[in-house]
Amino acid sequence: MQTPLPTNNCNPPDDTLQEFREHSDFYSNFVAPGGPQTLFWQKIYDARKQFHEGIVGQFTHIRPHIIRSWKRSSAAGAPYTGLPSVRLSAEELNNILKRNEFLLSTAKPVMQELLENIHPTSNCIILTDSNGVYLYTRGDDLGAGRRPSTPLRGLVSGEPIEGTTSMGICLVEQQATCVLGCEHYNPYFDSWSCAAAPIFDYENKLAGTLSMTMARDNFNHHGFGLVIAAAKAVTEQMRLRHLLQETQTIMEILGEAVVVLDANNHVRMINRYAKQLFHVQDDAIGRDFTALAETISGECFLQSGNRVKDNECSMRLADGSFLQCVYSSSPIPEGGLCVTLRESRRVHKLTNRITRAKAVYTFQDIIGSSKSMRTALQLAHKASENAMTTLILGQSGVGKELFAQAIHNASDRRDQPFIVINCGAIPRDLVQSELFGYEGGAFTGASRHGAPGKFELADGGTLFLDEIGDMPLTAQVNLLRVLQEGEVTRVGGKRSRQVDVRVVAATHRDLARRVAEGTFRHDLYYRLNVLAIPIPSLRERRDDIQQLAYFFLEKMAHTLNKPLKGFTPEALHCLEAWDWPGNIRELENLVERAAVVADGPFIGKADLPSEFWSPVSSAASGRDTPSMPQTAAPGTLDAGDQNVAEDAEAHGLREQGDPQELRELGEQPSQEKQRIMEALQTANGNVRAAAKELGVSRVTLYAHIKRHGLSLEPFRQLKS
């Protein structure tokens, strides 16, 4: 009974095997022990002799692929006597070996296993590249009749060189084949048989051949089948290794930690970023994941059997450190889990980059050369050299945030987030959740996943707390803990999170007075007031007004595409004489307005609002100011303004009034001032009563008191 031949599934249907089956009855005379081998060989020998002599015959007893190879070999001028040999130089061979390193590393173990399956028969197993260069051999090194001392690696095979061989046919037709005895084109190889099968890469292109050479009478179908199976194994291994390398490359460039676990939570795959995240130095494959990290808060992905996306959790690592991360996980159908993790700080940094939470201004953007400004800049430069908590003091509009950004960009945190929060603009009951974040379900309307606060978003960078003087007392307690311990606890949370944040605070309030009044914690004030930077108001640095005005004018000329060149002397005199209660912001707005209405290249006095025409300060000009008096750093207000501000706060009024609420009393300034003084005298300094008598609101009356430079103390002393 004839043993069925194997099929080659690594390539399209193999016509060579079909031809072999069709002639199996005839060739069984050769492969069967004691068969009429002499007659068998004689017929093939005679047919080949006729072919070499140019006698055209039917050759029906010769397999078609052998006839095709004879014809190709003859057309290529292959020799049919002697031992043909073409060998590469050592340098050429080394270059080819490097190019085929992937094929070599994959095929070597398969060839070794093939040799063990056919041992102890004398066979030579040969691996070639797609051009027929011998890359590697195993066995007795008796390849096609060559002496054992003959090194085979570096030889070149192919029909133009050796004529018909299994390797030569395989390189051309890319199908598994065998060549037996006299089927060789060259009689030198008649006492040998060989079988070869193609090896394909991941693109299904020919990568090389795997062949086995043996004595003619030792050939059998089982050896042929082993060669085909081995070539297919190399092909599949190359494809799997390529797929694995692609997967590994994708894992490494994802920017996320990737861990694949088996059904027992043992690590099957882990990328480089994951090893860094879990502080793993050696190989983690096969280790229990619980030996790498332990979940201490949030849902543990090891216990979740469903697909999870962007959940937060905190883990304690094997070395005792903590990891705050966002993870997504998905179960693997055959059992196990695939997990991707991102460090929370990295997620926040990416979020800040997308939302442009970064500082854009530097010290070069701060304009001013006056003595008071140089002093402020010197302190700011000192602040940028360390991570010390810094307090910036100054009236509204002097550029406190500009200084904060410059400090950040000059520090070693310049590449980290710069987060801004206005403590006075957030509703009182939301300040803590904005600053410190909240856990899922901490309050009505809270996200079920929770949310990080500004401190977590600023981790590694700078947090600018603007208008810190307006922060509620309840939030001040938690802020003090963050500054002292470097830890934040989310609203509704139980565990503190470590953060590395440099705090820069700013206010226009007199914090020392607020501490005395009990509206600002004294311990927080002392913690903030480590390095205070008072920024002068514009009226304290009048030497810089002209430089600032020209800077804003140049910017507006570019924006409006107008040929604006400067200011007339009269206009500059008006600007320098003005009191600038709104400081630099007011100056910028004024220049923008003047640039819009100006008709000529120079901005004149007529292009300014009429209240700027009189070269006196705003306190004596009768101009309505856009806001209530503001107490910036201690000592920035004169005595009258300070008393007005104190009285305003004593009555619970906001210091910033609505300009729409301010209206004239319908009289000349001197008459108006007299009426206010009379009303205050009648009311013994009681602003509420005086405002009622005059028919205006308290906010409006406070504004007019400031305009006329009045103080409330003399009227109150009259009462006593």
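This report looks at one helix pair and some aromatic ring pairs in a predicted model.

## Two helices side by side

Let's start with helix α19 (residues 545-560) and helix α21 (residues 583-597), which pack with their axes 9 Å apart and at an angle of about 45°. That angle makes α19 oblique to α21. As for handedness, the crossing of α19 and α21 is right-handed.

So who's touching whom? On the α19 side, the contact residues include Ile 545, Leu 548, Phe 552 and Met 556. On the α21 side, you'll find Ile 584, Leu 587, Val 591 and Ala 595 among them. Sorted by class, the contact of α19 with α21 has twelve nonpolar residues, three charged ones and no polar ones. Lys 555 of α19 takes part in the contact, and so do Glu 588 and Glu 592 of α21.

## Aromatic rings in pairs

Now for the rings: the structure holds twelve aromatic pairs. Take Tyr 188 and Phe 189, whose ring centres are 5.5 Å apart; their planes sit at 90°, so this pair is edge-to-face.

Phe 278 and Phe 289 make another edge-to-face pair, because their planes are at 90°, with the ring centres 5.4 Å apart. Phe 278 and Phe 289 are eleven residues apart, each in the loop between α10 (272-277) and β8 (293-298). Both Phe 278 and Phe 289 are buried.

Technical notes:
Residues are numbered from 1 along each chain as its sequence is written. This is a predicted model: local features need pLDDT of at least 70, side-chain atom pairs count only at pLDDT 80 or more; totals for chains, interfaces and linings use all residues. Side-chain values use heavy atoms; hydrogens and water are left out. Axes are lines fitted to C-alpha atoms, for helices over the stretch in contact, and angles run from 0 to 180 degrees between N-to-C directions. Helices (H or I, at least four residues) and strands (E, at least two) are DSSP runs, numbered from the N terminus. Angles under 35 degrees count as roughly parallel, over 145 as roughly antiparallel, 65 to 115 as roughly perpendicular and the rest as oblique. A crossing is left-handed if the near helix is turned anticlockwise from the far one by less than a right angle, and right-handed if clockwise. Contact means heavy atoms within 4.5 Å. Ala, Val, Leu, Ile, Met, Phe, Trp, Tyr, Cys and Pro count as nonpolar, Asp, Glu, Lys and Arg as charged, and the others, Gly among them, as polar. Rings of Phe, Tyr and Trp (its six-membered ring) pair if their centres lie within 6.5 Å; planes under 30 degrees apart count as stacked, over 60 as edge-to-face and the rest as tilted. Buried means under 20% relative accessible area, exposed over 50%, partly exposed in between (1.4 Å probe, protein chains only).
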